[in-house]
Amino acid sequence: MVENQINCLLVDENQGLWVGTNWGLYLKSGGVWQEFTSNLPNPQVRSLSLDNSGNLWVGTLSGLSIKEGNEWTTYNNQNSIISNQINDVVFNNDNHAYIATISGLFKYDSELSLVLDTSSLENSFVNVRALAFKGDSLVIGTVNGGLGYLYNNSMIWHNTSNSGMNDNTATDLTIDNNQNVWLAAPYGGLVAHLNTDNWLIYNTSENNQWPSNSLTALLFDEEQFLFVGSNGAGFFRFYYNNGIPTTEIYNSQNTLLPSDYVLCLAKDESDYWIGTEQGLVRWGSSVSISESEINDFTKENNTLLFSENLHVELYSITGQCVYSEKSSKVDLNPYKKGIYILVYNSKKTKIFID
């Protein structure tokens, strides 16, 4: 790669990992890299999507390029009605594309048509940033225009003046298994619009332990853990532990993450992929976990007590060994709060440092 900033990632089960950078498009298949930048109208890649037929749609700063097999087709304001800056593309069940641009929302179903422009919103609401389908409704995240739902050509808009939103911009959005809508906001933190029409907000105003209010990317994995990228605070995993909102923070201070500016997230069968301003990171499980039914130790006041001297190792959740000694007592207080992996007597188990 000639540019370290990773703007977007896409896992293609048939080909590999597509990587969109600030200067170039690449395909990583195993240890082999291919470059496709010359097929694009602009080297700045802003979005990557696969349609229902497996074709690649690449949004750039100067238009949209579609890869069907080895053939490429480009649409921009030179040969169509579409705007140049493409922010996101999603597809409905009929394989019709909805295209988020800086100048409104477009649809492609054999030909391009305009769905939303300034006449549908207000002048400052025209920049459509992120899209997702919630059933048959298209969820629309904008820059400064709030959150919209498009269904049967009818629009419903939510913003800071008429709902529980605290930020009118969504840098990313995703839907969980219960069809709740989650938004990454650049100033308001993490926002959830629930099926009950209630709103949840997680930010530093609500919780002084929250890592950042400037969020960039969201990813639910197969276990429905929510991974959140941020501007300047790394990324973190968000989940409920016995009903209590919990975050595990990963940044350049406690991992090998090269930058705390995380711009995109993806997950394949075995690994997580993190796109940062300083390169692409693969995060896999370097330590396998085997939960033992009976632990041969007790934990009191953040101290582990063993019945005899054992060789004890303690790993961070990212696989870094932070302790390795032969002892019957391990003081956990020097370590940051969070989940760790304890290894002793050929056993591996999770512990939580609180």
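Predicted model: local features only at pLDDT ≥ 70, side-chain atom pairs only at ≥ 80, totals over all residues.
Visitor: What makes up the secondary structure of the protein chain, helices or strands?
Guide: The protein chain has zero helices and 32 strands.

Visitor: Why is the protein chain called as compact as a globular protein of that length?
Guide: The globule rule gives 20 Å for 354 residues, and the radius of gyration of the chain is 23 Å, close to that value, so the description applies. Along the principal axes, the C-alpha atoms fill a box of roughly 75 × 50 × 30 Å.

Visitor: How many of the residues count as buried?
Guide: Of the 354 residues, 54% count as buried. The cut-off for that word is a relative accessible area under 20%. The chain exposes about 17,000 Å², and carbon and sulfur atoms supply 41% of this area.

Visitor: Why is Asn-95 called partly exposed?
Guide: Buried means under 20% and exposed means over 50%, with partly exposed in between. Asn-95 has a relative accessible area of 25%, so it is partly exposed.

Visitor: Where is Asn-301?
Guide: Asn-301 is in the loop between β28 (297-300) and β29 (303-316). Asn-301 also has a positive phi, of about 50°, although it is not a glycine.

Visitor: What makes Asn-301 exposed?
Guide: The relative accessible area of Asn-301 is 73%, and exposed means over 50%, so Asn-301 is exposed.

Visitor: How many disulfides does a search of the whole structure find?
Guide: The search finds zero disulfides.

Visitor: Why does Cys-264 count as buried?
Guide: Cys-264 has 6% relative accessibility, and buried means under 20%, so Cys-264 counts as buried.

Visitor: What makes Cys-321 partly exposed?
Guide: Cys-321 has a relative accessible area of 41%, which lies between the cut-offs of 20% and 50%, so Cys-321 is partly exposed.

Visitor: How far apart are the mean positions of the positive and negative charges?
Guide: The mean positions of the 17 positive and 37 negative charges of the protein chain are 9 Å apart.

Technical notes
Residues numbered from 1 in each chain as written. Heavy atoms only, no water. Helix = DSSP H or I, 4+ residues; strand = E, 2+ residues; numbered from the N terminus. Rg over C-alpha atoms; globule rule 2.2 N^0.38 Å. Buried < 20%, exposed > 50% of the residue type's maximum accessible area, 1.4 Å probe, protein only. Areas by Shrake-Rupley, 256 points an atom, 1.4 Å probe, with all protein chains shown as cover. Lys, Arg positive; Asp, Glu negative; His and termini not counted. Charge placed at Lys NZ, Arg CZ, Asp CG, Glu CD. Disulfide = S-S within 2.5 Å.
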